[in-house]
Structures are given as structure tokens and as C-alpha cells.
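Dear colleague,

Please find below the structure that I am handing over to you. My findings follow it, and I would be grateful if you read them with the structure open.

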Amino acid sequence: MAETINDRIEMLVNERFNGNKAAFAKSIGLPPTGMSNYLSKQRRSKPSVDMVVKIITTFDVDARWLLTGQDTAKREVRTSGDYSPASDSGDVSVIVGDAVLAERVRLLEKLNEEKTERIAELKERIEELKAK
């Protein structure tokens, strides 16, 4: 019998929540009793698109793997030029996943910087109000 999407969801439950279906359900915003529709041996419903999207985004799993059981091949991006002090040859190979992570880190750093600036502004405002 071929592995199904329900089997892969059950794998995630076992790997990430030590088999705790209620905790898994809660993490994706599903009532704990709702998981029995997807993971019980007697009646296994196919998950909705919304549920699949929640699983993919919440646990950062490969959509192709969740849907089909096949892994998505990593693509390499090659550029030329000296873009890094670590690059003595001028060729830089980057896995696409790493580029996406780097962009996320950059955005989080920017957000953190903005937050720090806002906190400083609020502290100044508090001091102004105390002085009145």
C-alpha cells in the first residue's frame, strides 16, 4: 500500500510532537478532536487545502514532500564576481534555500532595528512627560 498524505502528516505528529495529536492540531489551529478525521485507521479524510497550507507554513515542510512523498530538488544559483571576502575564486554557489533564509534574516534584522528605534523614541517621550 502506497504512503498517503495522511501517513506523512502522522510522521510529522510523531517526529515533532512525539505522537501527541492534540498538540499538533492545536499548533495548526485545528480542534484536537479534528485530527481523528485525518489520522484514524478506520476513516481517513483527505486534508483540506487550508490545512495543508497551515502544515507547510507552520512547520516549514517541503510542500511537494507533504503532497506526494517526493522531495523537491535543491537548485543552485551560480554567480560570477567577487561578492564575498570568503570567495577567492570569484565564483559563489548558493543553495536557493539559503538565499531565502538570508533574506528572512535581513528582514528580521531590519525589523529589530526599527523596534529598537521605536523603543528609544518612546523612552524619550516618557522622559518628556515626566518632566512636565
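In this predicted model, the face of helix α4 that is turned away from its buried side carries the exposed residues V49, D50 and T57. Helix α4 covers residues 49-59, and its buried residues are M51, V52, I55, I56 and F59. Seen down the axis of α4, these buried residues fall within an arc of 135 degrees, so they line one face of the helix.

What covers the buried residues of α4? The cover includes α1 (5-17), α2 (21-27), α3 (36-39) and α5 (63-68). Just after α4, D60 takes a positive phi of about 50 degrees.

The largest nonpolar core has 18 residues, of which I9, F24, I55 and L66 touch the most other members. At least two residues of this core come from each of α1, α2, α3, α4 and α5. Helix α4 gives the most, with five residues. As for F24, its contacts are I9, L12, V13, F17, M35, I55 and F59, leaving aside residues up to four places away in sequence.

Finally, please look at G34, which is found in the loop between α2 and α3. Is G34 buried or exposed? G34 is buried, because its relative accessible area is 11% and the cut-off for buried is under 20%. G34 and A22 are twelve residues apart in sequence, and their C-alpha atoms are 8.8 Å apart in space.

Yours sincerely

Notes
Residues numbered from 1 in each chain as written. Predicted model: local features only at pLDDT ≥ 70, side-chain atom pairs only at ≥ 80, totals over all residues. Heavy atoms only, no water. Buried < 20%, exposed > 50% of the residue type's maximum accessible area, 1.4 Å probe, protein only. Helix = DSSP H or I, 4+ residues; strand = E, 2+ residues; numbered from the N terminus. Arc of directions from axis to C-beta. Contact = heavy atoms within 4.5 Å. Core = buried A, V, L, I, M, F, W, Y, C linked by side-chain atoms within 4.5 Å.
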